[in-house]
Amino acid sequence: MQRALGKLPMHSNTQPLHRPSRLPGDMSGRLTRGTLASLLAVATLTALCYPLLSVGLNLAPPLQFATLRAGVAGLALLMLAFAMRRPFPQTRVLWLQLGASGIFSTTIGFASMFGAAGLIAPGIAAVVAGTQPIVAALLALVVFGQPFGKWQAIGMSVALVGLAAMTLQDISAGGTTAVAGVALVVAATVGSAIGNALTKRFASDVDPIAAAAVQLLLGAGPLAIFAFVSEPLTSAVLEPRFLALVIVLGIGGTAVTFTLWISVLKDCPLNTANVFNFVAPLLGVAISVGFLGESLTLLAVAGMVLTISGIALAVLRE
């Protein structure tokens, strides 16, 4: 499925009257303002998820929580897709790709992240998950043969140093529990990176709403099985405050972000889109400091400055 490009007004000599204002990044190497807005929305909603996960895990076991989040998001998008008569994938290959992406992004990604949220502070989880662009860039090189641009490589390296500065002090103070939590976040990060690489392969051939619904529901199935086998059923999942939290996470933090992400990847190179995932840790730390009372050290501030500088180098200098 190809997206139609709007025609520019032309002189009689076929030269455009003016160049549209664009920012660095889409398929021609530049990001439109709409794509930029979508990427920033995804980063913001992702960052908001971490503190909400910590609150919800005080009420319900992690796998049940993860299953409900994915299920609510998938069902909401499924109903929306039917109501809007959106087309669903037509080929077996697309269904297999959606299923594989759902397993990595939803089953592995959600299970690991929800498990980690009970072991480490939300700010640390957000920062460690921010290494996803590095993993994804390596996958893009292997899967798509998409090389790093010089400034993209430099920018991601600077951002990675910034993330390390924001995280290492808290991890060292947290001991074995923090290490286990970080390991789970890394597993979630790798799962999401692989899922994103798979999503890039089919993004231009599917409707974003229908594809996100399928992706989430296919990933929620194994989560439900794991939850049933490994966790005792709890009545807390029926409490109004928990259900409200699930709806907020399911709709705002999942359904919207998955749909926007697939839509963005139709035209935007995977490496460029993934650079914006560095924004989520910054927002996650800010939210944790402002609303959950986590402390912010001078080293963490320096790390935030480095991370922002890395994003600017990776995106604006390409």
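Reader: What pLDDT does the chain average, and what share of the residues score at least 70?
Author: This is a predicted model. The chain averages a pLDDT of 77, and 71% of the residues score at least 70.

Reader: Where is the pLDDT below 50?
Author: The pLDDT is below 50 over residues 1-29. Beyond near neighbours in sequence, that stretch has 45 contacts in the model.

Reader: How many helices and strands are there in the chain?
Author: The secondary structure comes to 11 helices and 2 strands. Read from the N terminus, the order of elements is β-β-α-α-α-α-α-α-α-α-α-α-α.

Reader: Turning to α2, how many residues does this helix have, and what should they span?
Author: Helix α2 has 22 residues, numbered 62-83. At 1.5 Å a residue they should span 32 Å, and the end C-alpha atoms are 32 Å apart, which agrees.

Reader: Which residues of α2 are buried?
Author: The buried residues are Leu63, Gln64, Phe65, Ala66, Thr67, Arg69, Ala70, Gly71, Ala73, Gly74, Leu77 and Ala81.

Reader: And what comes just after α2?
Author: Arg85 is found there, with a positive phi of about 55°.

Reader: What about contacts between residues at least 6 apart in sequence: what share join residues at least 24 apart?
Author: Among those contacts, 87% join residues at least 24 apart.

Notes: Residues numbered from 1 in each chain as written. Predicted model: local features only at pLDDT ≥ 70, side-chain atom pairs only at ≥ 80, totals over all residues. Heavy atoms only, no water. pLDDT = per-residue confidence, 0-100. Contact = heavy atoms within 4.5 Å. Helix = DSSP H or I, 4+ residues; strand = E, 2+ residues; numbered from the N terminus. Expected span 1.5 Å × (residues − 1). Buried < 20%, exposed > 50% of the residue type's maximum accessible area, 1.4 Å probe, protein only.
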